[in-house]
Amino acid sequence: MTEYAFSARTRVGFSDTDAQGVVYYGRYLPYFDLARTEYHRRLGQVRTGVQSAMRAVSVEYHAPARFDDLLEVFVRVERIGTTSVTYDHAAYRIADDALMATAKQTVVLVDLADHTAVPVPDAFRDRVNAFER
């Protein structure tokens, strides 16, 4: 986990679980989104006319999380492309440091006015590079 510069915590709610009493696989995506959003908040990213649109997601499930588990979700920028950013995530249960799930998410920066991809700003690249060191 030392390879991650940032993490956010979340607790598993009852509505996150399925009939087997474990976190439903689709509920991990909001956990990863929360960590990514908090990462951007930490960077001081402000809202502009540019937003991100999810292009690709891959998730691997390693162990079942259950109701009321406290999770720490780590996130880092893995790659910054011309118009996209790929994030790497890992969710651990805090009680026993067990790895629950890992994910990669690629977002494309989009101009909201005309819905076209736009270049990743140099200022964002600089903030990420400074923070990830």
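Biologist: How many salt bridges does a search of the whole structure find?

Modeller: Side chains of opposite charge can pair when their charged atoms come close. A salt bridge here is a side-chain nitrogen of Lys or Arg within 4 Å of a carboxyl oxygen of Asp or Glu. The search finds eleven. This is a predicted model, in which local features need pLDDT of at least 70 and side-chain atom pairs count only at pLDDT 80 or more, while totals for chains, interfaces and linings use all residues. Residues are numbered from 1 along each chain as its sequence is written, and side-chain values use heavy atoms, with hydrogens and water left out.

Biologist: Which residue forms a salt bridge with K104?

Modeller: The partner is E78, with the closest N and O atoms 2.4 Å apart. The pair links distant parts of the chain, K104 in strand 5 and E78 in strand 3, 26 residues apart; strands (E, at least two residues) and helices (H or I, at least four) are DSSP runs numbered from the N terminus. Salt bridges that share partners join R76, E78, D88 and K104 into one network.

Biologist: Which residues have the most contacts inside the largest nonpolar core?

Modeller: In soluble globular proteins, nonpolar side chains tend to be buried together. A nonpolar core is a set of buried Ala, Val, Leu, Ile, Met, Phe, Trp, Tyr and Cys residues joined through side-chain atoms within 4.5 Å; buried means under 20% relative accessible area, exposed over 50%, partly exposed in between (1.4 Å probe, protein chains only). The largest core has 28 residues, and Y28 and V85 have the most contacts inside it. Among the elements giving it two or more residues are helix 1 (28-43) and strand 4 (84-93).
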